[in-house]
Amino acid sequence: MTLDPSLQSLSRCFQGLIPSAIATCAPDGTPNVTFLSQVYYVDATHVALSCQFFNKTRRNVEKNPFATVEVMDPATLQPYRLSVRYTHSETSGPLFEAMDLRIQAIASVTGMAGIFRLIAADVYEVLAVERVDLLAEAPAATPATPEFSLRQVLGVQIVSQQVNRGRDLDETLELLLSTLDDVCGFSHSMMLVPDESGRLVAIASRGYGEQGRKGIGAEVCIGEGFIGTAAEQRRVLRVSNVEGELRYGRAVRQRMETKGETLRPEIALPGLPGAQSHLAVPLVVQDRLVGVLALESRDPLAFGTWDESTTTARARKKIPPRRRSPNPPLPPRAVPSRSSRTTTASSSTASTSSATSPARSSGSCSAPTTATAAPSSATASCASIPHSASLP
Amino acid sequence: MPVLSRELVEFLEGPNSIVVATHDGKLHPEVTRGLTLRCTGDDTVRVWLPARPAARAVANLALEKRIAVAVELPSLHKTRQLKGVVTAVRPAPDDRRALIDEAFAGFSAQCATIGVPPRLLERVVLWPAVEIELRVDAVFEQTPGPGAGEPLEAAKR
């Protein structure tokens with residue numbers, strides 16, 4: 001079956017910038033309609049919806065699987081109606097994990113870690129796509145782009161060539177971040193490595209002022225926020241429309257508080273003030289987290305699936321495929337001083353067998369300290385990049 | 001007790017995002033965007049839809065009168081869903097145009113607070129519009145979070 005327009009051409013609609021809507025119908029003919037924070041692209045003929053709370057939509061489609069989803073292109077406001085049929089729900093596997101990771105990250109930032117979670121990824125087959133006649137002048141169709149084109153492969157090649165020129169870790173990281181800026185336009189980036197206390201510490205950065213030096217030394221707790229959640233889960237995390245995601249999380253938080261839940265304070269997001277997109281790429285050597293490449297942008301659509309593929313390819317270039325372990329260890333690791341960084345970091349990436357397995361957190365990360373910049377009045381965090389020090 | 005409390009009316013008539021669900025004879029549902037609504041009695045509501053994208057909803061309502069309307073304040077995700085039965089469907093009379101334009105301007109300003117540029121919303125064709133009257137049977141809490149989907153106590157018939 002070929003859909004026209006194709007789901008690939010609607011990729012912007014699946015970034016969650018404009019809330020979507022789904023209509024379902026009970027067997028007795030009572031319709032139901034609700035807003036959706038995001039519709040996930042699965043493949044050329046399937047989308048998935050996140051189920052965080054068992055609801056009427058789920059109950060309806062279990063009995064009458066037909067539904068209509070409306071998505072909207074955030075760049076043009078062109079709406080599209082997807083005629084869909086519910087096929088199944090997933091509670092594990094790659095799709096579930098990818099959707100769950102984003103929710104975990106939002107839950108972490110909004111003080112709902114472990115409480116606000118994904119119950120299931122509900123998968124729908126898309127039967128037809130219709131362009132809705134809402135606008136005075138229909139915008140030009142967006143051409144579908146392959147997920148990994150020749151241009152992107154060349155981009156990876158250029159980054160690889162540049163990075164291979166590095167003579168030591170300092171130079172290699174500087175070349176990596178500058179090439180990602182020059183080739184991909186990622187102008188705000190950090191490389192963080194874990195220390196022995198369960199924190200991630202930035203050892204290289206670009207775009208945060210003073211030739212990137214202002215970002216160096218920034219700390220993030222593993223398991224907290226976008227970077228910390230990606231590090232803990234060892235999975236690439238891409239978050240578009242950060243403000244919208246947090247607004248959604250805060251709405252859920254407020255409902256939970258109304259129901260009597262006691263929640264942790266919201267944590268501050270370190271890094272670029274006003275950042276609307278985050279991409280965190282954990283670097284893993286045989287189950288050992290050796291670092292996180294963190295990118296951010298004020299453009300809510302800055303990172304797409306392209307960037308996940310490209311940066312992941314870069315991150316894995318010298319790293320063997322990850323092997324799953326039921327209890328993957330985190331290495332104890334001293335954060336190198338700038339003068340000793342080359343030796344220390346090199347040994348950490350080269351050595352894959354000598355790491356012991358300490359507790360994930362030393363405890364310092366579980367006691368939030370005062371935030372430097374707060375998205376709400378009840379904000380606290382152990383993230384320690386002062387916004388004043390991170391302005392580009 | 002009225003189905004639509006004063007507090008609920010105040011919310012429903014605000015600068016909200018509105019979506020409307022109907023279904024055809026095979027129980028295949030349809031979703032379309034609404035422009036604004038006004039509460040016209042203790043349990044009656046009038047909602048306006050842009051006519052072109054609402055054509056299928058109007059066709060559905062000729063067969064089946066049941067309807068669902070979700071109303072969300074985008075900046076807070078505060079959401080309520082009305083369910084009821086349609087009592088009239090007609091082209092919106094000309095004297096509604098000012099009301100619709102004014103309401104949509106308010107919605108556009110609300111959208112600007114969450115980063116949607118008003119210039120994009122200027123391209124939405126508001127007119128001609130369809131006017132739908134409905135009798136509300138139930139109202140549901142639909143703000144995301146625990147309790148979403150629960151009927152509002154004050155709105156039970």
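Across the interface of chain A and chain B of this predicted model, the rule finds 6 salt bridges. One of the links between the chains joins Arg33(B) to Glu70(A), and the lining of the largest cavity has residues from both chains, including Met72(A) and Arg33(B).

**Charged and polar links between the chains**

- Glu130(A) pairs with Arg56(B) in a salt bridge, with 3.2 Å between the closest N and O atoms.
- Arg33(B) and Glu70(A) also form a salt bridge through their side chains, at 2.5 Å from N to O.
- This second pair crosses between chains: Arg33(B) sits in strand β2 of chain B, and Glu70(A) sits in strand β5 of chain A.
- Over all chains, the count of salt bridges comes to 30.
- Polar contacts also span the interface of chain A and chain B, where 25 residue pairs are found, both residues being at pLDDT 80 or more.

**What the chain A side is made of**

- On the side of chain A that touches chain B, at least two residues each come from β1 (20-25), β2 (31-36), β5 (66-72) and α6 (242-258) of chain A.
- The largest share of that side comes from α6(A), which supplies 7 residues.
- Sorted by class, the side of chain A that touches chain B holds 27 nonpolar, 9 polar and 10 charged residues.

**How much the two chains share**

- Chain A brings 46 residues to the contact, and chain B brings 46 residues as well.
- The size of an interface is often expressed as the accessible area that is lost when the parts come together.
- Here, about 3900 Å² is buried between chain A and chain B, and carbon and sulfur atoms give 59% of that area.

- In the whole structure, the search finds 6 cavities of 30 Å³ or more.
- The largest cavity has a volume of about 340 Å³.
- Its lining counts 22 residues, and those closest to the centre are Met72(A), Ser17(B), Arg33(B), Phe107(B) and Leu121(B).
- Three elements of chain B, namely β1 (17-23), β2 (29-34) and α3 (97-112), each supply at least two residues of the lining of the largest cavity.
- Helix α3(B) gives the most to this lining, with 3 residues.
- By class, the lining of the largest cavity has 18 nonpolar, 2 polar and 2 charged residues.

Technical notes. Residues numbered from 1 in each chain as written. Chains lettered and ligands numbered in written order. Predicted model: local features only at pLDDT ≥ 70, side-chain atom pairs only at ≥ 80, totals over all residues. Heavy atoms only, no water. Contact = heavy atoms within 4.5 Å. Buried area = accessible area lost by both parts, 1.4 Å probe. Salt bridge = Lys/Arg side-chain N within 4 Å of Asp/Glu carboxyl O. Polar contact = N/O pair within 3.5 Å; in protein donor to acceptor, adjacent residues only side chain to side chain. Helix = DSSP H or I, 4+ residues; strand = E, 2+ residues; numbered from the N terminus. Nonpolar A, V, L, I, M, F, W, Y, C, P; charged D, E, K, R; others polar. 1 Å grid on protein atoms, 1.4 Å probe; cavity = no way out; pocket = protein on both sides within 12 Å on 5 of 7 lines; lining within 4 Å. Points joined across faces, edges and corners; volume = space filled by probe spheres on them.
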